[in-house]
Amino acid sequence: MEFVAISLLNGVSYGLLLFMLSSGLTLIFSMMGVLNFAHAAFYMVGAYVAYSLGLKIGFFPALFLAPLVVGALGALVERYGLRTVHRWGHVAELLFTFGLAYIVEELVKVIWGLTAVPFKVPEVLDGPLFILYSTDFPKLRGFMMLVALLMLVAVYLLLKRTRIGLVIQAALTHPQAAEALGHNVPRVFMLVFGGGTALAGLAGVIGGVAFVTEPSMAASLGPIVFVVAVVGGMGSLVGAFLASLLIGILQTFAIALNWSLGGMLGFVGIAVDAQTPLYSLWQLQVSQVAPVLPYLLLVLMLIFRPKGLLGTRAD
Amino acid sequence: MAGTPGRLRYRPLDLARWFIWGSTALAMAVLPLLFTQGFAVTLMSQMGVMIIFALSYNMLLGQGGMLSFGHAVYFGLGAFVAVHVLNLSSKGQIWMPVSLLPLVGGLAGAFFGILFGYVTTKRAGTTFAMITLGIGELVYSCSLIFTEFFGGEGGVTTNRVFGEPFLGITFGPAIQVYYLIALWCLVSMALMYAWSHTPLGRMANAVRDNPERAEFVGYDTQRVRWFTLIISAFFAGIAGALGVINFEIVTAVDNVGGARSGGVLFAAFIGGVGYFFGPIIGACVFVFFVVALSGYTNAWLLYLGLFFMLMVMYAPGGIASLVMIQVQLIARKRFGRIAPQYLGAAGSACLLLAALILTVEMTYKISVDSAEGTGMSLFGVGFDAGTRLPWAVAIGLWIVGGLLFNIARKRVARVWDEIQAEFLQERA
């Protein structure tokens with residue numbers, strides 16, 4: 001019970017972090033049809049910028065400023081990079097963001113060094129929030145959930161309750177009509193791209209203190225975010241939310257379980273020992289297989305339900 | 001109908017084709033005699049492997065219109081199967097000469113192509129790209145689990161020298177390995193070129209350009225993509241096995257990881273996916289970046305990435321298309337007019353390049369490498385990155401180079417437009 005409760009909490013908080021990333025990715029994709037390979041790179045930039053700013057102005061101001069910086073960078077990338085490439089088609093846009101991910105990682109190495117930087121949790125957020133049975137639940141995890149939920153509400157209100165949200169939604173489904181009505185659709189694209197990358201930057205600030213701020217943090221999280229976006233259904237925010245939680249919980253539970261096929265067979269009375277064929281396969285524990293699970297889910301999803309959980313388009 | 005008896009067919013000997021293939025073969029045979037240093041031979045061996053791999057990749061991207069982010073799967077799994085077969089063979093448990101090992105790798109690649117390709121080729125476009133990324137990550141994360149097959153972090157090592165020498169060939173010296181790679185490279189190149197002229201190769205082009213119409217004509221687009229991928233995976237596996245013979249070690253990170261998949265995409269795209277010979281150029285440039293440049297600077301991947309981005313933004317046809325444009329200008333006797341403009345652009349671009357290198361290397365020195373002070377040297381000039389002067393030089397180079405390049409760029413564009421207008425007039 002204790003294990004289930006604490007794993008569930010950890011899973012949900014990790015899932016919410018994933019959602020901060022995948023929401024931006026989903027927004028950008030549904031709007032521009034661009035799969036932003038560099039999304040996790042903006043997440044990393046968020047962490048590093050917040051680290052550098054935090055040294056001068058403290059953690060909480062940096063928490064607000066870093067996403068803005070990242071968002072501005074994202075808008076610049078859209079304006080002077082993606083828009084140039086747009087005329088060559090979608091493949092070129094994909095390649096552009098793919099190359100960008102490499103460049104950002106290398107630039108981070110050049111500027112901040114090859115090893116991890118000491119991006120520390122501020123004292124206010126250090127320590128346990130509450131004790132569940134006998135396990136501490138850290139304040140930082142709680143803060144992570146809080147920020148993600150606030151962000152979720154803010155994005156929802158922005159999209160559904162404001163004028164600019166209305167324009168964004170219009171440009172999303174009917175770009176030509178919105179343009180004909182006098183809205184600057186390319187600028188809306190730039191805003192959405194900047195906004196989406198700012199969300200990634202915000203996730204980066206939180207993820208940077210919660211995990212490790214190092215040059216490989218983008219490459220390790222990037223593919224997972226893609227899995228979330230595809231499993232949830234390309235372009236569906238609600239789908240991305242569900243998929244984020246699903247994968248967050250799946251991974252948290254999986255790395256804590258030491259079940260194996262051999263053990264299960266032992267449970268029903270079939271002994272598996274070193275003489276059994278494929279012994280090492282039978283002895284694999286769920287925790288060892290954990291890194292594979294999201295990709296397995298992705299491949300299965302694309303085979304059986306290519307449009308994802310709540311997606312509307314299959315291609 | 002070709003081959004219908006009794007019909008006269010006039011088919012002149014294609015001299016240009018024989019000349020190009022002949023000189024390629026000659027170059028491959030003669031180059032190691034000119035550059036005899038060990039370094040040059042290793043470099044050329046790696047280029048040979050990369051040429052096969054990049055061409056196999058271009059079967060997907062260039063000819064089939066499939067953007068894959070996981071092509072290293074077939075290269076890497078081919079390499080792993082090959083290394084295990086080689087180890088069994090050197091223990092005498094099975095018979096498999098080193099020179100035929102690439103065939104094993106190729107068959108292994110094709111096998112996994114049949115398996116994974118069935119899933120990935122169900123869709124085209126962006127979804128195909130995503131599934132290949134997923135499969136790539138799947139296989140890579142499996143490599144951390146199945147340590148017996150993938151050898152864990154240390155990888156699997158082997159020894160290519162065993163058994164009795166055949167005609168004095170032991171594959172001990174690097175030069176013998178080079179000639180083995182060169183031979184396989186030439187055969188693979190010819191086969192892949194021939195493939196692009198088969199009905200399947202033509203259908204792959206059709207499915208790339210207009211899948212809907214291809215279906216109406218009666219072709220199953222998924223099957224065309226699948227068969228293309230299997231053949232492409234076969235050649236990727238050949239490249240993987242040649243890599244095994246060359247390095248005598250296979251690690252999961254280097255062979256099935258995302259860096260390898262990204263690398264082959266870089267190589268093929270930089271070379272140019274629109275022409276058959278594009279990836280060959282790209283592979284040579286790529287290996288040069290990886291092997292030669294990484295010896296001089298730690299930021300080589302940054303330069304490669306920037307080069308790739310420039311190509312994506314301004315020359316999506318790659319080096320091959322740039323070359324072909326010049327060939328056209330030369331053929332129509334206009335190259336002499338635009339050449340001075342090119343020289344100006346190249347000169348100012350060199351200034352910008354110098355500014356970039358100076359900035360990157362100085363930043364690198366200060367942030368990463370400053371344990372023993374900030375003194376450094378570039379192009380034989382020694383200076384201290386901690387002082388103001390080199391930074392002032394860098395800024396100056398950026399400004400002057402930027403201004404000059406802007407002028408030169410406009411001049412090239414003007415002359416270019418003039419020439420295009422003349423071409424239009426000639427046609428009218």
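Questions and answers on a predicted model follow.

Local features need pLDDT of at least 70 in this predicted model and side-chain atom pairs pLDDT 80 or more, while totals for chains, interfaces and linings use all residues. Residues are numbered from 1 along each chain as its sequence is written, with chains lettered from A and ligands numbered from 1 in the order in which they are written.

Colleague: How many helices and strands does chain A have?

Modeller: Helices (H or I, at least four residues) and strands (E, at least two) are DSSP runs, numbered from the N terminus. For chain A, that gives 14 helices and two strands.

Colleague: What percentage of chain A counts as buried?

Modeller: A residue is buried with 20 or more other C-beta atoms within 10 Å of its own, exposed with 12 or fewer, and partly exposed in between; C-beta atoms are placed from the backbone. Chain A has 315 residues, and the buried share is 48%.

Colleague: Which helix gives the most to the side of chain A that touches chain B?

Modeller: The contact takes 40 residues from chain A and 36 from chain B. On the chain A side, H3 (59-86), H4, H9 (217-232), H13 (286-289) and H14 (293-304) each supply at least two residues. With 15 residues, the top contributor is H4(A).

Colleague: How does that side of chain A divide by class?

Modeller: Ala, Val, Leu, Ile, Met, Phe, Trp, Tyr, Cys and Pro count as nonpolar, Asp, Glu, Lys and Arg as charged, and the others, Gly among them, as polar. The side of chain A that touches chain B has 31 nonpolar, seven polar and two charged residues.

Colleague: Are H4(A) and H14(B) roughly parallel or antiparallel?

Modeller: Axes are lines fitted to C-alpha atoms, for helices over the stretch in contact, with angles from 0 to 180 degrees between N-to-C directions. H4 (90-112) of chain A and H14 (300-314) of chain B pack at about 155°, axes 9 Å apart. Under 35 degrees is roughly parallel, over 145 roughly antiparallel, 65 to 115 roughly perpendicular, the rest oblique. H4(A) and H14(B) are therefore roughly antiparallel.

Colleague: Which residues of H14(B) make the contact with H4(A)?

Modeller: H4(A) brings A:Ala92, A:Leu95, A:Phe96 and A:Gly99, among others. From H14(B) come B:Leu301, B:Leu302, B:Gly305, B:Leu306, B:Phe308, B:Met309 and B:Val312.

Colleague: Is A:Leu94 buried or exposed?

Modeller: A:Leu94 lies in H4 of chain A. A:Leu94 touches A:Leu35, A:Phe37, B:Leu67, B:Thr126 and B:Ala129, not counting residues up to four places away in sequence. With 22 other C-beta atoms within 10 Å, A:Leu94 is buried.

Colleague: How are H3(A) and H4(A) oriented to each other?

Modeller: Their axes come within 8 Å and cross at roughly 140°. H3(A) and H4(A) are therefore oblique.

Colleague: How many residues of H8(A) are buried?

Modeller: H8 (185-210) of chain A reaches 37 Å from its first C-alpha to its last, close to the 38 Å expected at 1.5 Å a residue. The expected span is 1.5 Å times one less than the number of residues. H8(A) is mostly covered; of its 26 residues, the buried number is 24.

Colleague: Which helices do the buried residues of H10(A) pack against?

Modeller: H10 (237-256) of chain A has 20 residues and reaches 29 Å, close to the 28 Å expected. Its buried residues include A:Leu237, A:Phe241, A:Ile247 and A:Gln251. They pack against four helices of chain A, H1 (2-32), H9, H13 and H14.

Colleague: Is the crossing of H2(B) and H7(B) left-handed or right-handed?

Modeller: H2 (38-64) and H7 (174-195) of chain B pack at about 20°, axes 9 Å apart, and are therefore roughly parallel. A crossing is left-handed if the near helix is turned anticlockwise from the far one by less than a right angle, right-handed if clockwise. The crossing of H2(B) and H7(B) is left-handed.

Colleague: Which residue just after H3(B) takes a positive phi?

Modeller: The 19 residues of H3 (72-90) of chain B should span 27 Å, and its end C-alpha atoms are 26 Å apart, which agrees. In H3(B), 15 of the 19 residues are buried, so the rest of the structure largely encloses this helix. Just after H3(B), a positive phi of about 85° is taken by B:Gly92.

Technical notes
Two residues are in contact if their C-beta atoms, placed from the backbone, lie within 7 Å.
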